[in-house]
Amino acid sequence: MRIDVVSIFPGFFDVLEVSLLGKARAAGILDVRVHDLRDFTTDRHRTVDDTPYGGGAGMVMKPEPWGLALDAIATDASHDGGAEASRSVFLFPSPAGEVFRQATARDLSHADHLVFGCGRYEGIDERVFAHAATLGDVRLMSLGDYVLNGGEVAAMAMIEAIGRLIPGVVGNPESLVEESHEDGLLEYPSYTKPSEWRGLGVPPVLLSGNHGAIAAWRHDQQVERTRARRPDLLAD
């Protein structure tokens, strides 16, 4: 998979060099390219924002550098074959977007090319999304009902959630099957050695060797944990 990221803070994504995603990049499983939006400006001040039409607080990111950046990325991706099998998907983190869920991550993990556009200030000129739709599929994504200073944190979270589902990124693919949200429930609690720690013991069923009883206990724990912490998931 090829992933392009556009940001005015490209150094934020240096963290992609470490851990499993870093190993996946080194192995050629993930091709991640980070672009500085200011490199696509045309004035000596490298301006990326301006005051909003209609008034209001804050600044809005200008369409010109975004258009040049997205055009260059789309052209480069088509030349290297990154967008041949499927259309590029342009993802813009936004509190006004659809909620990013585990099912979203799994769906996007099958794409050949993802482009993350990280907005700042009061957001990106709306026309940028319309232009991106001429280059591929566009989705505005929200991590939840809160506001961040910019799209970088959200993009990083989504890249990790999507990237770890790509075959070869996680060493043991079976570990992905029973995670929280994969079946609509939260994950059951986990324990390891020692069996007694600071007066706290491991549930006896996990020491029984009875795999049927263990599976039933884990499912019950998933349901109870979901009911206590995320009852909205049970309603869904």
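Biologist: Are Arg-2 and Asp-4 buried or exposed?

Modeller: This is a predicted model, where local features need pLDDT of at least 70, side-chain atom pairs count only at pLDDT 80 or more, and totals for chains, interfaces and linings use all residues. Residues are numbered from 1 along each chain as its sequence is written, and side-chain values use heavy atoms, leaving out hydrogens and water. Here's the scale: buried means under 20% relative accessible area, exposed over 50%, and partly exposed in between (1.4 Å probe, protein chains only). On that scale, Arg-2 and Asp-4 are both buried.

Biologist: What N to O distance goes with the salt bridge of Arg-2 and Asp-4?

Modeller: Side chains of opposite charge can pair when their charged atoms come close. A salt bridge needs a side-chain nitrogen of Lys or Arg within 4 Å of a carboxyl oxygen of Asp or Glu. For Arg-2 and Asp-4, the N to O value is 2.6 Å.

Biologist: Why does Asp-232 count as partly exposed?

Modeller: Asp-232 forms a salt bridge with Arg-230, with their closest N and O atoms 2.9 Å apart. Arg-230 counts as partly exposed because its relative accessibility is 30%. Asp-232 gets that label because its own relative accessibility is 37%.

Biologist: How many salt bridges does the count come to?

Modeller: Asp-137 and Arg-87 also meet in one, at 3.0 Å from N to O. By the 4 Å rule, the count comes to 14.
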